[in-house]
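Take your time and look back at the model as you go.

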2 protein chains.
Amino acid sequence: MNRAIEDIKYENSSVELAAYAKALGHPTRIEILKHLDSQSCCFTGDLVDVFPIAQSTISQHLKELKKVGLIQGELNPPKIRYCIHRENWEKARLLFNNFLK
Amino acid sequence: MNRAIEDIKYENSSVELAAYAKALGHPTRIEILKHLDSQSCCFTGDLVDVFPIAQSTISQHLKELKKVGLIQGELNPPKIRYCIHRENWEKARLLFNNFLK
DNA sequence: AAACACTATCGTTTATTGGCGATATACAAT
DNA sequence: ATTGTATATCGCCAATAAACGATAGTGTTT
């Protein structure tokens with residue numbers, strides 16, 4: 001019964017899907033994405049005005065979303081313009097679509 | 001963590017979507033659901049044979065999935081037959097579908 | 001060079017998650 | 001009533017996540 005965690009062999013799509021799902025697993029991140037989607041792009045500062053949470057916290061959420069590839073940030077000094085990463089967004093859409101049948 | 005999550009007014013759909021996403025945010029749970037889907041239903045014991053993780057851990061994952069409503073367990077003594085909760089599954093499908101446009 | 005605006009990162013704290021073995025519970029069959 | 005089987009729960013631990021304020025970049029403008 002001594003099972004090592006590294007013995008688990010997941011399907012690739014399961015790992016990818018879980019990663020996207022995990023990133024979507026917080027209401028603030030969902031609403032950040034909704035906001036991004038509604039106006040194609042926006043700056044961190046806009047979000048700080050919209051959500052009653054600290055700037056550093058928002059930055060962390062953005063980092064999470066960027067890490068998993070759902071958004072991308074382009075320099076627009078001194079601001080950073082965040083947009084949805086359409087290619088990966090589509091990839092996620094297909095994964096969820098296929099999974100949820 | 002000075003701010004409770006309840007203090008932020010999220011859209012209802014954001015909270016629901018995030019809850020589903022969070023439940024899907026682990027590869028083991030994804031594969032459990034795939035397994036359930038592929039054969040409509042199954043017992044905890046079947047999963048213990050399939051995944052190299054402890055029985056208690058699988059039970060925990062099932063609990064998570066049940067909590068969010070994606071699966072349901074019906075007594076089939078002495079076993080418990082787990083099935084996908086089709087109604088909520090459809091609800092999740094619509095939420096993700098709508099969100100990912 | 002200094003001041004400013006914007007964002008990221010650091011350090012800390014607390015909560016949650018994921019894993020395990022051990023134990024408890026529930027029911028069937030003996 | 002005892003045994004056996006299947007599943008859930010408990011207690012524990014390590015790792016990760018979420019939140020904050022403070023601080024450190026980064027690039028513009030004065």
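Which residue is the bridge partner of Cys41(B) in E3(B)? It is Cys83(B).

## About the model

This is a predicted model, where local features need pLDDT of at least 70, side-chain atom pairs count only at pLDDT 80 or more, and totals for chains, interfaces and linings use all residues. Residues are numbered from 1 along each chain as its sequence is written, while chains are lettered from A and ligands numbered from 1 in the order in which they are written.

## Strands of chain B

Helices (H or I, at least four residues) and strands (E, at least two) are DSSP runs, numbered from the N terminus. Two strands pair if DSSP finds at least two bridges between them.

In chain B, strand E3 (residues 79-84) runs antiparallel to strand E1 (residues 41-43), joined by three bridges. Strand E2 (residues 71-76) of chain B is also antiparallel to E3(B), with six bridges joining them. Within E3(B), Ile80(B) is the bridge partner of Leu75(B).

## A look at Tyr10(B)

Find Tyr10(B) in the segment before helix H1 (12-23) of chain B. Tyr10(B) counts as partly exposed because it has 18 C-beta neighbours inside 10 Å; buried would take 20 or more and exposed 12 or fewer, with C-beta atoms placed from the backbone.

Leaving aside neighbours within four places in sequence, Tyr10(B) is in contact (C-beta atoms, placed from the backbone, within 7 Å) with Pro27(A), Glu31(A) and Val15(B).

Conventions: Contact = placed C-beta atoms within 7 Å.
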